[in-house]
Amino acid sequence: QLGAFVVPWPSAEEREAIAAILVTSASRIVQEDANLATLRAIRTGLIHDLLSGHLQAPTISGLVEASR
C-alpha cells in the first residue's frame with residue numbers, strides 16, 4: 001500500500017537552495033554557540049570577582065549619584 005503513495009521531490013535547484021539555507025543555519029548556530037560560551041565565561045569571571053571582593057557592586061546611591 002505504501003508503494004502506491006506518491007511523494008513529491010523538489011527539483012535539483014530547490015534542493016541546492018535548501019542545502020544552502022541549511023549550511024548557513026548550521027554555521028550560524030556554531031557561531032552563536034561560541035558567543036554563548038564567551039558570555040558564560042565572562043559571567044563566571046564577574047561572579048568570581050564579585051564574590052571574592054575584587055570588584056565592588058555599585059550601590060543604589062552610587063547609581064543615583066553617577067546619573068547626575
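Buried means under 20% relative accessible area, exposed means over 50%, and partly exposed lies in between, with a 1.4 Å probe and protein chains only. By that rule, 0% of the 68 residues of this protein chain count as buried.

A word on the source. This is a predicted model, so local features need pLDDT of at least 70, side-chain atom pairs count only at pLDDT 80 or more, and totals for chains, interfaces and linings use all residues. Residues are numbered from 1 along each chain as its sequence is written, and side-chain values use heavy atoms, leaving out hydrogens and water.

Now the fold. The chain has two helices and zero strands. Both terms refer to DSSP runs, numbered from the N terminus: helices are H or I with at least four residues, strands are E with at least two.

Take H1. Its 41 residues should span 60 Å at 1.5 Å a residue, and the end C-alpha atoms are 60 Å apart, which agrees. The expected span is 1.5 Å times one less than the number of residues. Just after H1, Gly 53 takes a positive phi of about 90 degrees.

Next, the surface. The chain exposes about 6400 Å², and carbon and sulfur atoms supply 66% of that. Areas come from the Shrake-Rupley method with a 1.4 Å probe; for residues, only the protein chains shown count as cover.

Which residues make the nonpolar patch of about 680 Å²? They are Leu 39, Ile 42, Leu 46, Ile 47, Leu 50, Leu 51 and Leu 55. Patch residues have over 30% relative accessible area and no salt bridge; like charges are joined within 9 Å, nonpolar side chains (Val, Leu, Ile, Met, Phe, Trp, Tyr) within 5 Å.

Leu 39 sits in H1, residues 12–52. Leu 39 is exposed, at 55%. Leu 55 lies in the loop between H1 and H2 (60–67), and is partly exposed at 38%. Leaving out residues up to four places away in sequence, Leu 55 touches Leu 46, Asp 49 and Leu 50. Contact means heavy atoms within 4.5 Å.

Last, charge. There is one salt bridge, meaning a side-chain nitrogen of Lys or Arg within 4 Å of a carboxyl oxygen of Asp or Glu. Glu 32 pairs with Arg 28, closest N and O atoms 3.0 Å apart.
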